Every structure is written in structure tokens, then in C-alpha cells.
Amino acid sequence: MSTFQAPKGTYDLTPPRSAKFLAVREAISAPLRDSGYGYIETPGFEDVNLFARGVGESTDIVSKEMYAFETRGGDKLALRPEGTASVLRAALEANLHKAGNLPVKLWYSGSYYRYERPQAGRYRHFSQVGAEAIGAEDPALDAELIILADQAYRSLGLTEFRILLNSLGDKECRPAYREVLQDFLRDLDLDEETRRRIEINPLRVLDDKRADVQKQLVGAPMLRDHLCDACKAYHEEVRVLLTAAGVVYEDDEKLVRGLDYYTRTTFEFVHDGLGSQSAVGGGGRYDGLSEMIGGPALPSVGWALGVDRTVLALEAEGIELPIPAATSVYAVPLGEEARRVLFGVVTQLRREGVAADFAFGGRGLKGAMKSANRSGARFTIVAGERDLAEGNVQLKDMESGEQEAVALADVTGTIRGKLSASDG
Ligand code: ATP
Ligand code: MG
């Protein structure tokens with residue numbers, strides 16, 4: 001160990017476990033790439049006000065969890081705590097919404113930072129894959145995103161997850177509901193901070209995880225009973241489309257989520273094997289966000305799935321992803337001349353598209369064969385002075401244990417032939 005360790009609330013991804021993270025990012029993004037979503041990448045930090053305005057000053061994310069700092073030049077920045085505000089900012093800046101092809105569909109993958117109390121499944125640096133569909137109000141778009149997330153999780157073999165679905169209403173019906181809810185909440189026995197929350201963001205009180213608060217919330221007015229006709233019809237259409245697609249969901253009228261910008265459709269993916277950090281992903285419609293950050297009206301919908309928690313969910317379900325061996329061929333030279341020759345063979349194999357590795361460091365045969373085994377390679381090439389004198393190398397099939405002499409001149413072709421035969 002060195003003098004230094006990964007900062008509190010962070011961890012390193014190292015082989016072999018790191019392969020799962022790559023596989024999860026690939027599995028989540030594959031359905032998006034097949035559905036018209038283009039890749040977007042934005043900076044790891046932004047003007048702090050983008051998040052203050054976009055995510056909301058009253059949210060935990062902005063008020064407690066944000067890594068905000070001032071640069072030497074006096075700019076007030078923050079490490080990004082989430083992806084949506086940045087992606088929308090970037091899309092507006094690049095005028096993607098003016099290219100005449102709405103919705104603009106984008107996907108992203110990256111690191112996010114929140115100053116949270118670290119615990120299992122909750123870190124200060126974590127990773128998400130997300131999707132945003134910008135500039136269209138269409139229940140089919142909301143349904144598409146939920147269906148694609150469901151498809152991604154299923155492609156990983158996950159089954160113990162549930163989809164929670166709710167509607168948060170819109171600027172027609174939510175203000176009136178907000179007042180009714182505030183009247184109800186003001187009569188409850190709540191702590192100072194929660195009382196403040198009633199005035200700033202009363203819907204979030206419904207989301208309070210504490211049992212004594214939840215007990216008092218029985219009988220609270222529910223948004224579902226106050227939705228305007230347009231929101232009701234919209235929500236019903238999303239539900240119909242999900243059901244037609246065979247996607248099972250649960251209506252959760254208390255689902256609020258921690259960001260201010262959500263309107264109408266809101267949803268969360270929860271996994272039952274993760275204890276209290278059960279949300280593996282979430283999202284919803286954010287029709288007002290563009291205007292909140294100074295853009296035109298662009299009704300949009302999106303989600304972000306947590307890569308870290310998805311890996312934990314795989315582990316909780318005991319799912320081993322079929323991660324192919326990184327190396328197909330491992331070369332073990334015996335002696336100086338063989339080192340030069342086999343290093344050349346490995347280089348040639350790699351140029352021909354075959355994953356190959358080499359016993360570096362001049363170890364003995366036994367140690368090198370151990371590394372060959374550990375590499376997962378299907379074939380090992382061994383060569384010593386005598387083999388080379390005869391113009392041969394020894395090719396060992398690591399599955400059958402059989403070994404044969406192959407002419408050096410034919411070795412890469414022979415290996416490619418054998419590998420493609422065993423693929424088919
Ligand atoms: P939670 O309620 O658990 O705090 P959240 O509502 O804050 O989650 P979102 O902002 O919706 O989370 O982010 C989407 C996903 O990103 C979450 O479902 C989760 O999988 C992941 N995520 C969020 N915060 C963290 C974190 N601190 N550590 C690891 N993963 C996280
Ligand atoms: Mg959170």
C-alpha cells in the first residue's frame with residue numbers, strides 16, 4: 001500500500017471486477033444506440049448556477065451534496081452531481097433543437113459527484129448511464145425510455161427489479177395541489193427542517209423515509225386525485241403503452257424524486273436485493289427545465305441509471321456476466337532467440353485481430369505456464385532453441401491439453417483457423 005488511499009466515499013475499479021462495469025455500461029447503452037440516441041459528452045464541471053437553477057436550490061443535491069468551488073480565476077463552478085441539466089445546456093448551446101428533428105435523443109455515460117454520507121451503494125463519486133429525449137411531448141417517448149431501461153436490465157439477466165410509476169402533474173394542476181398538500185402538512189407534528197420544506201418543496205415531504213413521518217402522512221391528499229384532465233390522459237396513455245409492451249410496473253402515488261424539474265411522468269427502478277440504497281435508476285419528464293435555464297420551451301423526458309448499484313444488483317442476484325477471456329493466445333518463449341521470434345508472432349497476431357499476450361519479464365517455463373493458464377487463453381505457443389532450429393513452434397490447446405508442432409511460417413494462420421472453427 002502507498003501513503004495514499006482513494007478519498008472517502010470513492011473506490012477504484014480494478015480487474016477483474018472492473019470488467020463488470022464496462023459490461024453494464026455497454027448493456028445499458030446498447031438499446032439506446034439501437035433506438036436513435038446519439039452519444040453526448042459534457043464537461044465534468046459546470047457553472048454552479050446551472051445546477052442551482054436547473055436541479056433546484058431546495059433539493060438535497062444542490063443544498064447539501066454539491067461539490068462547489070471557486071477557481072483561481074474567480075469562476076464559481078460545481079462538479080456535476082447529475083447529467084440532465086448539463087446535457088440540456090449542451091444541446092441548447094449547440095442548437096441541436098433547431099436542426100428540425102425533434103425530439104433530440106441523446107445518451108451519455110460518466111462520473112458524477114455528490115457529497116453524501118458514504119455507505120453501501122452510496123458514494124461520493126459514482127457512475128451513471130443516462131438518456132434524454134428533448135423537445136417532444138408524446139407519451140410514447142416516455143414509454144420508450146422506460147421500455148429501453150427495462151430491456152437493458154433484462155439483457156443483463158436481472159429479474160428482481162421493479163418499476164415504480166407516478167405522474168407529478170404539470171403547471172396547470174400542480175400549483176393547486178401544492179396548496180392543498182401544504183394545508184394538510186402544516187397541521188402535522190414535524191421538525192423544523194421538514195416544516196421549512198413544506199414551504200419550499202412540499203411534495204418532497206411525501207418522500208420522507210422516516211417511519212414517524214410516514215405514519216402522519218396517512219390520508220394526505222394525493223396528486224393522483226388532483227391531476228388535470230390533460231395530465232390524466234397523458235399518464236393513462238403511458239400506462240397503456242407500457243402494458244402493451246409487456247412491461248410490468250407499479251403505480252406509486254408517493255413517488256416524488258429528489259429533483260425539482262420533474263413534471264408529469266416520473267419513475268424509478270428499484271432492486272429488492274440492495275437494502276436501503278434500492279434505487280438503481282430513475283427519471284421522468286421535465287417539461288419546464290429548458291425555460292428554467294434560459295432556453296425555449298422544450299418538453300423533454302429522460303432517465304439515469306446508476307452503474308455502481310446495477311453491478312451490486314447483479315452480484316445480489318448471483319449473476320455472472322459472460323465476460324469473454326481477454327486473451328486468446330499466450331506466448332511462452334524459452335531463451336533469447338525465442339523471445340524475439342515469439343514477440344514478433346504476438347505482434348502479428350494482434351495486427352490480425354487476435355487477442356494475444358506474452359510472458360514478459362524472462363520467467364521460467366513453470367511461472368510462464370501459470371500466467372498462460374490465468375490469462376484464460378485458448379492456445380499457448382511455446383518455443384525453445386530446438387523448435388526454432390526445426391522452423392517450428394509448439395502449439396498447445398489449453399482446453400484439450402493437446403500439443404502439436406506447427407511451422408513458424410504458418411502459426412498465425414493456423415491459430416486463426418482454429419479460433420474461428422471453435423467460435424462456430
Ligand atoms: P437516492 O434516493 O438513492 O439518493 P437519487 O434519487 O438521489 O437516489 P438520482 O439522482 O435519480 O438518484 O440518480 C439516478 C441513479 O444514480 C440512482 O438511482 C442511483 O442508482 C444512482 N446514484 C445516485 N446517487 C448515488 C450515489 N451517491 N452513489 C451511487 N449511486 C448513486
Ligand atoms: Mg440522492
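Let me start with the largest nonpolar core of this predicted model, which has 49 residues, and in which Phe51, Leu88, Leu106, Ile134, Leu185, Leu203 and Leu206 touch the most other members. Several elements, namely α2 (48-54), α3 (60-63), α4 (84-93), β5 (104-113), β6 (125-134) and α6 (174-186), each supply at least two residues of this core, and the largest share, 6 residues, comes from α4. As a general point, nonpolar side chains tend to be buried together in soluble globular proteins.

If you look at leucine 206 and set aside its neighbours within four places in sequence, you will find it in contact with Tyr177, Leu181, Gln214, Leu217, Ala220, Met222, Lys254 and Val256. There is also a second, separate core, which holds 42 residues, Ala27, Ala133, Ala152 and Val280 being among them.

Now please turn to helix α13, residues 365-375, where Ala368, Met369, Ser371, Ala372 and Ser375 are the buried residues. Seen down the helix axis, these buried residues of α13 fall within an arc of 155°, so they line one face of the helix. On the other side of α13 we have Lys366, Lys370, Asn373 and Arg374, which are exposed. The cover over the buried residues of α13 includes the strands β12 (329-333), β14 (379-383) and β15 (392-397), and the helix is followed by glycine 376, whose phi is positive, near 80°.

That brings me to the charged pairs. The structure holds 32 salt bridges, and I will go through a few of them.

In one of them, arginine 186 meets glutamate 199, at 2.9 Å from N to O. Because arginine 186 lies in helix α6 and glutamate 199 in helix α7 (residues 192-200), this pair ties together parts that are 13 residues apart in sequence. Arginine 186 counts as partly exposed, at 34% relative accessibility, and glutamate 199 is partly exposed too, at 40%.

Arginine 224 forms a salt bridge with glutamate 253, with the closest N and O atoms 2.8 Å apart; arginine 224 sits in the loop between α8 (211-216) and α9 (229-244), and glutamate 253 in the loop between β8 (250-251) and β9 (263-271), 29 residues apart.

Arginine 378 lies in the loop between α13 and β14, and aspartate 397 in strand β15, so the pair ties together parts 19 residues apart in sequence.

Finally, Asp60, Lys64, Glu193 and Arg197 are linked in a network of salt bridges.

Methods. Residues numbered from 1 in each chain as written. Chains lettered and ligands numbered in written order. Predicted model: local features only at pLDDT ≥ 70, side-chain atom pairs only at ≥ 80, totals over all residues. Heavy atoms only, no water. Core = buried A, V, L, I, M, F, W, Y, C linked by side-chain atoms within 4.5 Å. Buried < 20%, exposed > 50% of the residue type's maximum accessible area, 1.4 Å probe, protein only. Helix = DSSP H or I, 4+ residues; strand = E, 2+ residues; numbered from the N terminus. Contact = heavy atoms within 4.5 Å. Arc of directions from axis to C-beta. Salt bridge = Lys/Arg side-chain N within 4 Å of Asp/Glu carboxyl O.
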